[in-house]
Amino acid sequence: MPKRTVIILLISCISILMLSCNNNKNQSSLKLWYDSPADATAMDSPRGWDDDPHWLNALPLGNGSLGAMVFGDVHSERIQLNEESMWSGSPYDNDNPDALPAREKIRQMLFEGKYQEATALTNKTQICKGAGSGHGNGAEVPFGCFQTLGDLWVDFDNKAPYEAYYRELDISDAVAKVEYTQNDIHYSREVFISKPDEVMVARFTADREAGISLSCSLSRPERYSTYTEDDQLIMRGTLTDGQGGEGLQYMVRLKAVTKGGTVNYSDTSLLVKDANELLLYLTASTDYMLDYPLYKGRDYIKLTRENLEKAVSEPYEELLRRHMDDYHSYFNRVSLELSTGDPKPIPTDKRLELFQESYSDPHLEELIFQYGRYLLISSSRPGSLPANLQGLWANDIQTPWNGDYHTDINIQMNYWPAEVTNLSELHLPYFDLLESIQEPGSRTANIMYNSSGWVVHPITNVWGFTAPGERASWGMHTGATAWTCQHIYEHYLFTGDRQFLERMFPVLKGAVQFYLDWLSEHPETGELVSGPAASPENSFYAPDGTKCQISMGPAHDQQVIWQLFTDFINSADVLKLNEPLVSAVSLARDRLAGPKIGSDGRLMEWVEEFPEAEPGHRHMSHLFALHPGKQINLENTPEYAEAAARSLEYRIQHGGGHTGWSAAWLINLYARLQNGEKAKASLNTVLSKSTSSNLFGQHPPFQIDANFGTTAGIAEMLLQSHTGVIHLLPAVPGEWQEGKVKGLRARGGFEVDIQWSAGSLSTARIRSEKGGSVKLQYKGASMIVNTDPGRTLKIKAEDFKILTKTPY
Ligand code: FUC
């Protein structure tokens, strides 16, 4: 056994002994728990991109709109706060009129093989007007930035040493807890954020009368003031609009209610003296509204007041019960066991370290799977803004990449787990955002492309930014519109919700209209190609040896457009629309340049076999067709699947999968290739290289897509339904010999439970919402079963023996 492992094991044994009084609490793979606090007093620089390591030890709570990171410090608790709409910036015209006149010239250059000149001219003309995203540092420009709401500080009078420290985040209840003993007094805290009551509640108890004396204050790195009104401590301020004026306004309200003792408010703090128990209630809001073109108008003052008053009037137990009922209604839909027995009582941070040595801890894998679901429930609720690059949690004024919505993988990955892990309603904010960019996106299509329909490029935000980014190398992602639309038909396939499809059909249609105008005919092949366009975010060496990014017909664009056209045709068919565009779209789809295999057997990323500047690039954009797209799969296009597998191997050999989300994508890609061992190896990479001690995904810096992509990837290893077939256990690695999963969703309105043992299927239960026949597949065999609406069908492994073998 390596020396490091021995040391970690020893430390773990000591923690186990010390925690013997707590050892019932942590016997669950649904808890993150620790034997020391996150150091709350070490504050990070508010403008740096480097994550504060202490913040990455704190534990996240959220209800989709209000978020918190609980540090659990004994002497001075810090609860760092977030509100989903704390965005600086404002709506701004970024559409560049210089783009249109230059475009045909660029296309001609590219068709003539003049990549360097074309890339240079694209960089000059096909970019946004103005400061764009501020190169990811947009806090002070109109693009703006998602920012911290500030901090709630709880400074305890008692600074004595403490013992028997324990803190946890129980993701089965969405409650954070802290316990310790100080001067023989046992203290505990419990914090949760309720959706039904739109309030954060923190309860502090001591097992001795008058044991709680402390002061609370609210602060923010900038733009805040505090005062007291009606026995509430209030923090408020105005963000910058990035144009020299005032942007959004915000308010935080804090109230203390005690049993015993006293509470006194000043304009900077509230003082609690000699209380037996303390309840803190906190509400927050801004005046933001997702409503083009104003984006303002919510009565945040009234809203925060009403929410606070209502919460204070309810018994604590009632608030907690309502919170748990609401949370359980999502979380309890799915359970996963990858091994029998309880997890060893080792704190989460130490378990993560042990995993780096052993690559084996099925309970940690269960936890990371469910944590992704927890984080989605906590950061994306019907009516909220979608989960951004950091979900809902950011501790700075300048959040990395502005904490925005990147549409060249990141926001899509955030929502990969939504349908398959039975959280379909939480997908809805994504669609609200898509709808919200229709008007600005149509403007961009008109001004920059003289095109109908709408367009978005690799980034968008709460202000309707739809122009390309400020460098064409990453900013000219013309496939983003199609990729974002992929979620529409997927949501329909899982839910069968025709009304939803009707609502979103204009969005699909607008995207299709854009691409019909956009595609041009390749002069030699006559095929339709997209361009000038980048393949996110990779560079190639042109034949003259220069490093370029722009070409005609990069594989990624061709694949996402194929997917969009297919989804559009299918949607029109489902909705029985006599849609005149359908025949034009079918013709155009047939003429699209399709996937190509290079001389080395790899799927080509560009029309020519250019060497990549970074062969291990984190983006695997040209493998979209394998996952999440459907154009390539083992069943129908095995030769392309093989080529995709080779491309994947090549990327990995050259260092690919080195960022959190990229490694998480690998899990999904290998699952689609039905390669359980490699999918598991990619999961090992995520857990050992890209996960911080609070299990947040690491690019680095913290990016939440890795969490969501990992959850989706694990689901994809257990169940797939991409091609009209429900495939049971398509990519289970040898290490997962025993297991049970309940409540996963398959396309067609099915809910699936699977149990396996000694590496093989034991039973499956298929509950059908809509009935109808469906093909089931397990290993190389398949069978067609008939289902009745609302009934559950039990399948045993033996049932597959009578089957026809599938041809592949
Ligand atoms: C894309 C990626 C980066 C990062 C950023 C937020 O541009 O290429 O790695 O994840 O989004």
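Predicted model: local features only at pLDDT ≥ 70, side-chain atom pairs only at ≥ 80, totals over all residues.
Residue numbers start from 1 along each chain as its sequence is written, and side-chain values use heavy atoms, with hydrogens and water left out.

The ligand is surrounded by Leu389, Trp401, His406, Asp408, Asn410, Glu537, Arg618, His619, Trp661, His699 and Gln703 (a residue is counted if one of its heavy atoms lies within 4 Å of the molecule). By class, this shell has 3 nonpolar, 5 polar and 3 charged residues; Ala, Val, Leu, Ile, Met, Phe, Trp, Tyr, Cys and Pro count as nonpolar, Asp, Glu, Lys and Arg as charged, and the others, Gly among them, as polar. Polar contacts are pairs of N or O atoms within 3.5 Å; within protein, one atom must be able to donate a hydrogen and the other to accept it, and residues adjacent in sequence count only if both atoms are side-chain atoms. A side-chain N or O atom of Glu537 lies 2.2 Å from an oxygen atom of the ligand. For Arg618, the distance from a side-chain N or O atom to a ligand oxygen is 2.7 Å, and for a polar side-chain atom of Asn410 it is 3.2 Å. On its own the ligand has 290 Å² of accessible area, of which the protein covers 97% (Shrake-Rupley method, 1.4 Å probe; for residues, only the protein chains shown count as cover).

Side chains of opposite charge can pair when their charged atoms come close. With a salt bridge defined as a side-chain nitrogen of Lys or Arg within 4 Å of a carboxyl oxygen of Asp or Glu, the count comes to 48. One network of salt bridges links Asp197, Lys310, Glu314, Glu318, Arg321, Arg322 and Asp325. In this network, Glu314 and Arg322 are joined at an N to O distance of 3.2 Å. Burial is classed by relative accessible area: under 20% is buried, over 50% exposed, and in between partly exposed (1.4 Å probe, protein chains only). Arg322 is partly exposed at 21%.

The salt bridge between Lys680 and Glu735 has an N to O distance of 3.4 Å. Lys680 belongs to helix H19 (residues 676-689) and Glu735 to the loop between strands E25 (725-728) and E26 (739-746), so this pair ties together parts that are 55 residues apart in sequence. Helices (H or I, at least four residues) and strands (E, at least two) are DSSP runs, numbered from the N terminus. Lys680 is buried at 3%, whereas Glu735 is partly exposed at 34%. Arg767 and Asp753 also form a salt bridge, at 3.2 Å from N to O. Because Arg767 lies in strand E28 (residues 760-768) and Asp753 in strand E27 (residues 750-757), the pair ties together parts that are 14 residues apart in sequence. Arg767 is partly exposed at 25% and Asp753 is buried at 11%.

Helix H3 (residues 115-125) has Tyr115, Ala118, Thr119, Leu121, Thr122, Asn123 and Thr125 as its buried residues. These pack against helices H2 (99-111) and H12 (472-475) and strands E22 (540-541) and E23 (547-548), with contact meaning heavy atoms within 4.5 Å.

Gln147 is located in the loop between H3 and strand E5 (150-156) and is buried, with 2% relative accessibility. Residues up to four places away in sequence aside, Gln147 touches Asn82, Met86, Ser88, Ala139, Arg220, Leu239, Asp396, Ile397 and Thr399. The side chains of Gln147 and Arg220 are joined by a polar contact of 3.0 Å.
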